Amino acid sequence: MPELRRDPVIGRWVIISSDRGKRPSDYAPEHDYPQGGACPFCPGFEEKTPPEILAYYNTGREKNKPGWWVRVIPNKFPALEIEGDLNRTGDGMYDKMHALGAHEVIIESPNHDQSIHQMEQSKLEDVFWSYRDRILDLSKDPRLEYILVFKNHGSAAGASLRHPHSQLIAMPMVPVRLKQEIASSKNYYEYKERCVYCDIIRQESAQRLRVVAENDHFISFAPFASRSPFELWVIPLRHSSDFQDIQKAEVSSLASMMKLVLGKHHDVLNGPPFNYIVHTAPLKTQRLGHFHWYIEIIPKLTKVAGFEQGTGFYINPTLPEDAARYLREVSLVNS
């Protein structure tokens, strides 16, 4: 019989339609990418992108030239732009303002076909350091309220280029979804005097039903009320509300964990398109006792249709416990 499960953080209900019994082999992920000419993210084509904001490279390299291994640039077609003022105005009952913010692309590797699980750990660590560096720099701008870092992998997940990259968008407001998370976690904290995310970590670590992997600083598990099949969280064991407070040893553990779980996704699900999102606290309300940063990984295996759009309910055809077991049991060749 299908089961309704409630997300303990924001109270969202999910339908776990376990009678459908979806196994990994039942999903057929899409792998197409738009075809085009020379990739602007590849070394040697730096002039095809806006000038870099940040790059990691060996000494002696000229700016905006090959020789980098992580490169951050403004998005050529930004959703938000850093110049100008908000100029918030009313149009009758409606509000509008200038689309102020920042939209950047983190080019994760000079290798056009390299996925995260294939990267050298030290190079992947630098990708996460670049996230931190850019958040710290942009947080100095008093006009900005929130910074979202995310990755779209595969055209079905929204990627327009195959070359490995992630994105950063800095906004002049806090998104509604994050406000819900923070408000709900604050209510939990005021009632129980504990962080809801820390409680989730304790229960998942004790039960081991949905845990995929754990190391010195991070745990990865399929959430109890997963919206999507094979959805995973990667969350620090140490309480911290702000991604940019990550420490050196934690970056190493995070890179190791992401390589592992994304490698398991790749092997079990035949390299699916996916999104990952870094959930972190707003810039002006940092070091919250009731909020905990984490990375949410969502393979694009099902489609959001009318029922989901009309109700806010999601239907997940794979039990999170089964998804975790499939992923836990697979052994990676290079793990």
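Contact here means that heavy atoms lie within 4.5 Å of each other. Among contacts in the chain between residues at least 6 apart in sequence, 69% join residues that are at least 24 apart. This is a predicted model, in which local features need pLDDT of at least 70 and side-chain atom pairs count only at pLDDT 80 or more, while totals for chains, interfaces and linings use all residues. Residues are numbered from 1 along each chain as its sequence is written, and side-chain values use heavy atoms, with hydrogens and water left out.

The chain holds 6 helices and 15 strands, where helices (H or I, at least four residues) and strands (E, at least two) are DSSP runs numbered from the N terminus. Along its principal axes, the C-alpha trace spans about 60 × 55 × 40 Å. For 335 residues a compact globule would have a radius of gyration near 20 Å, and the chain, at 20 Å, agrees with that; the radius is taken over C-alpha atoms, and the globule rule is 2.2 Å times the number of residues to the power 0.38. Of the 335 residues, 51% are buried, a term that means under 20% relative accessible area, with exposed meaning over 50% and partly exposed in between (1.4 Å probe, protein chains only). The chain exposes about 16,000 Å², of which carbon and sulfur atoms supply 51%; such areas come from the Shrake-Rupley method with a 1.4 Å probe, and for residues only the protein chains shown count as cover.

Two packed helices are described by the angle between their axes and the distance between the axes. Axes are lines fitted to C-alpha atoms, for helices over the stretch in contact, and angles run from 0 to 180 degrees between N-to-C directions. Helix α2 (residues 176-192) packs with helix α3 (residues 196-207) at an angle of about 75 degrees, their axes being 9 Å apart. The two helices α2 and α3 are therefore roughly perpendicular to each other, given that angles under 35 degrees count as roughly parallel, over 145 as roughly antiparallel, 65 to 115 as roughly perpendicular and the rest as oblique. In this pair, E181, S185 and Y188 of α2 meet V196, Y197 and D199 of α3. The residues of the contact of α2 with α3 divide into 3 nonpolar, 1 polar and 2 charged, where Ala, Val, Leu, Ile, Met, Phe, Trp, Tyr, Cys and Pro count as nonpolar, Asp, Glu, Lys and Arg as charged, and the others, Gly among them, as polar.

Another pair is formed by helix α4 (residues 248-269) and helix α6 (residues 320-329), which pack at an angle of about 100 degrees with their axes 9 Å apart. That angle makes α4 roughly perpendicular to α6. Here K264, H265 and V268 in α4 meet Y326, L327 and R328 in α6, and the residues of this contact divide into 3 nonpolar, 1 polar and 2 charged.

The loops deserve a look as well. Most residues other than glycine have a negative phi. N64, in the loop between β3 (54-57) and β4 (68-74), has a positive phi near 60 degrees, and at 23% relative accessibility N64 counts as partly exposed. G67 is placed in the loop between β3 and β4 and, at 41% relative accessibility, counts as partly exposed. G67 touches Y57, N58 and R61, not counting residues up to four places away in sequence, and the C-alpha atoms of G67 and Y57, 10 residues apart along the chain, are separated by 6.0 Å. F230 lies in the loop between β11 (218-221) and β12 (232-236); its phi is positive, near 65 degrees, and F230 counts as buried at 1% relative accessibility.
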